[in-house]
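Please have the sequence and the 3D structure open while you read.

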Amino acid sequence: MGVIGLMTVGWLSYALREQELDLYALFGPLSSCPSAWGLALAGVLAVDLLNSAEFHLLVPWLEQVAPWLADRYVMNAVETPAGASACLRLIASGVIAAPLLEEFLFRGVVYQRWAYAWDRPALALGAAAVPFALLHGHVLGAFVFAGVTTLLYLHTRSLWVPIGMHAVGNASALLGGIPTESGFEFVTGGASTGAFGWVCLAVSGLLLAWLLRRCGPELYEPLPYAVHERAANRPRAARNP
């Protein structure tokens with residue numbers, strides 16, 4: 001991942017210099033709307049529940065039909081490192097650097113460039129989510145995560161909202177995730193893990209459907225980059241990254 005990170009930084013530096021990207025137009029203002037951050041927290045919960053459903057429903061099935069893929073899911077589970085220095089490095093990379101770089105690249109640049117070039121925002125959303133998902137262990141969860149953060153970016157027109165969701169989600173993973181399984185066992189008196197997985201899948205599906213209904217219409221609105229650049233009254237014609 002170190003090599004990938006260096007390549008990403010190098011490519012972004014080139015894009016900023018050669019393509020004359022406007023950072024303000026790309027990031028937008030820091031949202032002061034409480035509902036925007038509420039949507040981000042709902043997204044964190046939805047994806048966390050989906051990941052729990054994957055672990056309890058998908059992984060056991062993969063162990064039977066594709067053990068190598070099940071191993072990948074398990075190997076990519078986040079483990080809290082031993083030692084303060086290792087923990088600080090993981091926080092710096094997972095909670096600060098990764099959200100900034102990945103949201104800048106995949107939501108700010110890749111999605112908007114493809115949506116502008118193809119004039120098919122829904123297709124661009126799915127296509128831009130694929131490379132993001134392939135870089136992560138939980139491919140399905142990462143794909144959905146990419147879709148949710150893209151919708152949040154379009155709905156709020158602030159890249160800081162998906163960055164915040166990404167940072168909170170990674171921090172939650174470092175701390176072992178939201179303790180939904182413990183709460184479920186306490187309420188049900190120790191129900192099977194399969195039942196817990198189905199409940200997580202159902203609740204996650206409801207949250208994701210609500211987020212799609214709330215943010216989906218913005219897919220067909222002008223891209224945030226163009227909106228911010230026009231609002232800033234730049235002398236050159238509005239461009240997309």
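Glu-103 and Arg-107 both lie in helix α5 (residues 84-118), where they are four residues apart, about one turn of the helix. This is a predicted model, in which local features need pLDDT of at least 70 and side-chain atom pairs count only at pLDDT 80 or more, while totals for chains, interfaces and linings use all residues. Residues are numbered from 1 along each chain as its sequence is written, and side-chain values use heavy atoms, with hydrogens and water left out.

**Confidence**
- The chain averages a pLDDT (the predictor's confidence in each residue, from 0 to 100) of 84, and 79% of the residues score at least 70.
- Helices here are DSSP runs (H or I, at least four residues), numbered from the N terminus.

**The salt bridge**
- Side chains of opposite charge can pair when their charged atoms come close.
- The side chains of Glu-103 and Arg-107 meet in a salt bridge, at 2.7 Å from N to O; the term requires a side-chain nitrogen of Lys or Arg within 4 Å of a carboxyl oxygen of Asp or Glu.
- By this rule, the count comes to one salt bridge.

**α5 against α7**
- The axes of α5 and α7 come within 11 Å and cross at roughly 70°; axes are lines fitted to C-alpha atoms, for helices over the stretch in contact, and angles run from 0 to 180 degrees between N-to-C directions.
- That makes α5 roughly perpendicular to α7, a term for angles of 65 to 115 degrees, whereas those under 35 count as roughly parallel, those over 145 as roughly antiparallel and the rest as oblique.
- In this contact (heavy atoms within 4.5 Å), the residues of α5 include Glu-103, Arg-107 and Tyr-111, and those of α7 include Phe-145, Thr-149 and Tyr-153.

**α6 against α7**
- Helix α6 (residues 121-134) and α7 pack at an angle of about 135°, with their axes 8 Å apart, and they are therefore oblique to each other.
- Among the residues that make the contact are Leu-125, Val-130 and Phe-132 of α6 and Val-139, Phe-143 and Leu-151 of α7.

**α5 against α6**
- α5 and α6 pack at an angle of about 145°, with their axes 8 Å apart.
- Residues including Phe-106, Arg-107, Tyr-111 and Trp-114 in α5 meet residues of α6, among them Pro-121, Leu-125 and Phe-132.

Notes. Helices (H or I, at least four residues) and strands (E, at least two) are DSSP runs, numbered from the N terminus.
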